[in-house]
Amino acid sequence: MTASSRSLLAGLAAAFVMASAQAAGPAPEATTATNPLGGKSSSPAKPAAGAKQITWVELVPPGWDPSKDFKDIDLGKLEDNDPRAAELLQKMQDVLNNAPTNAALNGVQVRLPGFVVPLEESKGLVSEFLLVPYFGACIHTPPPPANQILHVRPRTPVKFRAMDAVWVSGPLRTERNDSMMGASGYSMTAEAVTKYTESGK
């Protein structure tokens, strides 16, 4: 295992810890409606007409535990040249890429805050992007679980850059999509993509 794969394994382990915490119980403070972007404080925002404002935790099906098959593994004991390390890396990635979605949200009109990871852009306008729950996901760190990535196609291209914080509104679909930046478990044709503000307006 190379240094880069060791870093990737450590990043995936961190993603597992975060995903497990979200699946374990009540939403952590960083993902509540009053603090939806993990450190960016905000006042309770009034959802767009007809839209249910949700948090990222709600996208995780109750009881899902991505780390259940890896609890007895000590990553610190794996050497660079240990073939088990590469095998473990692949297994962890497969679990995250195939993370189950919350079927109860399929077709629901929602509003969700997150960070932009552009997929298609032209002349400064983004026509397709991934929405992720924390800064740096898919760009500076490994992708989070698929149930923590939303594939967004705005009805009209929007002028945002990578890692801009935004609100997206529209009908949520439990639909898998694979891109070079990560596998997403949800998709949306966004009716609105607006700059994230503390008031939510």
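Tutor: One term before we start: buried means under 20% relative accessible area, exposed means over 50%, and partly exposed is in between (1.4 Å probe, protein chains only). This is a predicted model, where local features need pLDDT of at least 70 and side-chain atom pairs count only at pLDDT 80 or more, while totals for chains, interfaces and linings use all residues. Residues are numbered from 1 along each chain as its sequence is written, and side-chain values use heavy atoms, with hydrogens and water left out.

Student: Okay! Which residues sit on the face of H2 turned away from its buried side?
Tutor: That face carries Pro83 and Arg84, which are exposed. Helices (H or I, at least four residues) and strands (E, at least two) are DSSP runs, numbered from the N terminus.

Student: And which residues of H2 are buried?
Tutor: Those are Ala85, Leu88, Leu89, Met92, Gln93 and Leu96. They cover an arc of only 135 degrees around the axis, so they lie on the same side of H2. The arc is taken from the directions from the helix axis to the C-beta atoms.

Student: How many residues does H2 have?
Tutor: Helix H2 has 15, residues 83–97, and reaches 21 Å from its first C-alpha to its last, close to the 21 Å expected at 1.5 Å a residue. The expected span is 1.5 Å times one less than the number of residues.

Student: Zooming out, how many helices and strands are there?
Tutor: The chain has two helices and nine strands. Their order from the N terminus is α-β-α-β-β-β-β-β-β-β-β. Of the 201 residues, 46% count as buried.

Student: Now leucine 172: where is its place?
Tutor: Leucine 172 belongs to strand S5, residues 165–173.

Student: Buried or exposed?
Tutor: Leucine 172 is buried, at 1% relative accessibility. Beyond its neighbours within four places in sequence, its contacts (heavy atoms within 4.5 Å) include Ile54, Leu150 and Tyr186.

Student: What about phi at cysteine 138?
Tutor: Cysteine 138 has a positive phi of about 75 degrees, although it is not a glycine. Most residues other than glycine have a negative phi. Cysteine 138 is in the loop between S3 and S4 and is buried, with a relative accessible area of 9%.

Student: And methionine 163, what is its phi?
Tutor: Methionine 163 has a positive phi near 75 degrees. Methionine 163 lies in the loop between S4 and S5 and counts as buried at 9% relative accessibility.
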